[in-house]
Amino acid sequence: MKILFYFFILLIFTACTSEKKQANVEYNNISYNPAPEIKSAPTVLLKPYTINFNIEESNAKELNLVVSMGLYGDSHFVSPHSSDRFTGRFNISIIDNEYLVLDEDFKETPRTVEIYDEHPFVDGLVNWVSENTNYKHQLHIKTQEDFVVFGMVSFTIEPRCTFEEVPFIIRYTDGKLRVDLNKC
C-alpha cells in the first residue's frame, strides 16, 4: 500500500511538471502525450494514451474538429455513447462564445458497442473504448472576425482511474482555422 501511495505522489508530481505536454504541431494537427515514458517501471503504464487534434474540411466544405485517441496497453475509457450514469465519460467541449459552435452530434469511429460489465463499480451496461478511436464534431463559424476559443477534452482513463483534462485552443486568423494545445 505504501508503494502505491508513493507511486501516486510521483505520478502527480510528474503530471504537474512543464514537460507534461509534448506537442508536435504540423499545420492543423497537434498531438498530446500525457506523460514521459519511464523505462524503469515496466509494470506500470505511465503513457496510457495520446491525443491528436486536427481541423478537417469535408468535401461539402464543412469544418470538423477531429480528436483521435491512441490507446496503449490495456487502457480504456467510457464512450460518450454510454449512459449518463457514468461520471468521467469522454467529452469534448468548448467554452460558450459568440464566434464558434461545436455540434453536439458527433461521429465515433469505430463505433463502440454496449456490453454488460460485471465489475462492482460498473455492474451494468457500458460502452468501453479500448482501441484507437476518432471523434468528429462539426464546427460552425459565426463570424469573419479573428477569434480564439478555448476547449477541453475530459475523460477517466482506466485502469489507472485518473480523470484527465486536456485543454486546447481553436484559433481563426485571416480566414484560417487551426487548433493548438492550451499550455496554461
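## Pairing of strands E13 and E14

Strand E13 (residues 162-173) and strand E14 run antiparallel and are joined by six bridges, where strands are DSSP runs of at least two residues, labelled E and numbered from the N terminus, and two strands pair if DSSP finds at least two bridges between them. Within this pairing, Ile170 stands opposite Val179 in E14.

## Basis and confidence of the model

This is a predicted model, in which local features need pLDDT of at least 70 and side-chain atom pairs count only at pLDDT 80 or more, whereas totals for chains, interfaces and linings use all residues. Residues are numbered from 1 along each chain as its sequence is written, and side-chain values use heavy atoms, with hydrogens and water left out.

The protein chain has a mean pLDDT (the predictor's confidence in each residue, from 0 to 100) of 81, and 74% of its residues reach 70 or more. Among the elements of the chain, the lowest mean pLDDT, 36, belongs to strand E1 (residues 22-23), and the highest, 97, to strand E6 (residues 91-94). The pLDDT is below 50 over residues 4-29, a stretch that has 39 contacts in the model beyond near neighbours in sequence, a contact being heavy atoms within 4.5 Å. It is also below 50 over residues 38-44, which have two such contacts. Where pLDDT is low, the predicted coordinates should not be read in detail.

## The four-stranded sheet

Four strands form an open sheet in the order E6-E12-E13-E14, with antiparallel pairing. E6 and strand E14 (176-181) stand at the edges with a single partner strand each, so one side of each is left without a neighbour in the sheet. On average, neighbouring strands of this sheet are turned by 25 degrees against each other, direction ignored, with axes taken as lines fitted to C-alpha atoms and angles running from 0 to 180 degrees between N-to-C directions.

## Aromatic pairs

The structure holds nine aromatic pairs; rings of Phe, Tyr and Trp (its six-membered ring) pair if their centres lie within 6.5 Å, and planes under 30 degrees apart count as stacked, over 60 as edge-to-face and the rest as tilted. Tyr99 and Phe147 are stacked, because their ring centres are 5.3 Å apart and their planes lie at 5 degrees. Since Tyr99 lies in the loop between E6 and strand E7 (100-109) and Phe147 in strand E12 (residues 147-157), the pair ties together parts that are 48 residues apart in sequence.

Phe147 is buried, with a relative accessible area of 4%, while Tyr99, at 24%, counts as partly exposed (buried means under 20% relative accessible area, exposed over 50%, partly exposed in between, with a 1.4 Å probe and protein chains only). Phe147 is also stacked with Tyr172, the ring centres being 5.2 Å apart and the planes at 15 degrees, and both residues of this pair, Phe147 and Tyr172, are buried.
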